[in-house]
Amino acid sequence: MVSQILWKRDEMGDHRGNSESMCRVDELCDHLNDMKFEDVQKIEEQSREVGDYFGYENLPDDDEYIDHLFGIVACNGMSITDMRGLQYLGVAIHPTLNLINHDCSPNCVAVSCGPNIYVRATKPIKAGEELFISYIDQSGTSTDRRANLKDQYYFDCNCKMCATGDKDALRTAYLLPPEDVDQKKSTYMEKHTDIMLKKIASSKKVQAWERVAAQAGGTLMQQENLFDDTHLKKLTILQTCSEVSAILNHYDDAATYAERVLAAYEQLYPPNATQVNSQEKNENKYFVAGQIKHFLTIFPTVLYSGFRL
């Protein structure tokens, strides 16, 4: 990415590209002074190696400028995906878009579509009202979101959701009132879920989908009488069950799990959130796929019966 920025700088000179109408790439903040010592060391190592790609004879004389660019990429890089939004393609810097501030309950969403990134409103916006996007996944508790933002973007989030702890109780909800929850059982199940999620991740890497289904299904059975569906650890398992059921062509099961995930999302996210819309599409997709599979199962019988008639 830094090599591409340097190549473009040499090509464009002082001319600003379309994406730099409000801010040049190298005018973005690098947060080098806010980074941990080991993170700064990593950037300095990357700076020393960039000449292997760009050519040492072509590098700027100012080593600090290279560090500055690596810091910018670390703090401002945005993921880009294919046209379906499914396949990760790489990282891009969009200086104008990077000027939009963060809010855990944003009024906009940045949508990657191939090489382009679009900003779409998720709620009515008045003239002169500031635009906000979310820099991170909004599903975590306020404590987790603040920690992630501080660690990756180096600021303390004081948005309304974080300040009030909005919906934190839902994200850690139990089926029983808190005073009736067995704390030993709760602690065990949370740790067990973390262990199983690591095992599931390993199984996914080798595409052992039957094993993923068994691991996720077994974990969900243990969670059912303890966690509410909005509990983040249970919600992650429900999502896994839905996805792996679809992969294994168990579309009725996939739709059932997707329906539960959607119900939880509708409690956790605003009505027009992309997560809710995406989950609605998943549920409909799995339901339709299940109907088609069922029809194809009985189709030969229907044909045979019709032929005999």
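The chain contains 12 helices and 6 strands, taken as DSSP runs (H or I of at least four residues for helices, E of at least two for strands) and numbered from the N terminus. This is a predicted model, in which local features need pLDDT of at least 70 and side-chain atom pairs count only at pLDDT 80 or more, while totals for chains, interfaces and linings use all residues. Residues are numbered from 1 along each chain as its sequence is written, and side-chain values use heavy atoms, without hydrogens and water.

Of the 309 residues in the chain, 40% are buried, meaning under 20% relative accessible area with a 1.4 Å probe, protein chains only. Contacts (heavy atoms within 4.5 Å) also tell us about the fold: among those between residues at least 6 apart in sequence, 60% join residues at least 24 apart.

Now let's turn to a pair of helices. The axes of H8 (residues 183-205) and H9 (residues 209-223) come within 9 Å and cross at roughly 170°; axes are lines fitted to C-alpha atoms over the stretch in contact, with angles from 0 to 180 degrees between N-to-C directions. H8 is therefore roughly antiparallel to H9, a label for angles over 145 degrees. Among the residues making this contact are Tyr 188, His 192 and Met 196 of H8, together with Trp 209, Val 212 and Gln 215 of H9. By class, the contact has 7 nonpolar, 7 polar and 3 charged residues: Ala, Val, Leu, Ile, Met, Phe, Trp, Tyr, Cys and Pro count as nonpolar, Asp, Glu, Lys and Arg as charged, and the others, Gly among them, as polar.

Key: Parallel < 35°, antiparallel > 145°, perpendicular 65-115°, else oblique. Buried < 20%, exposed > 50% of the residue type's maximum accessible area, 1.4 Å probe, protein only.
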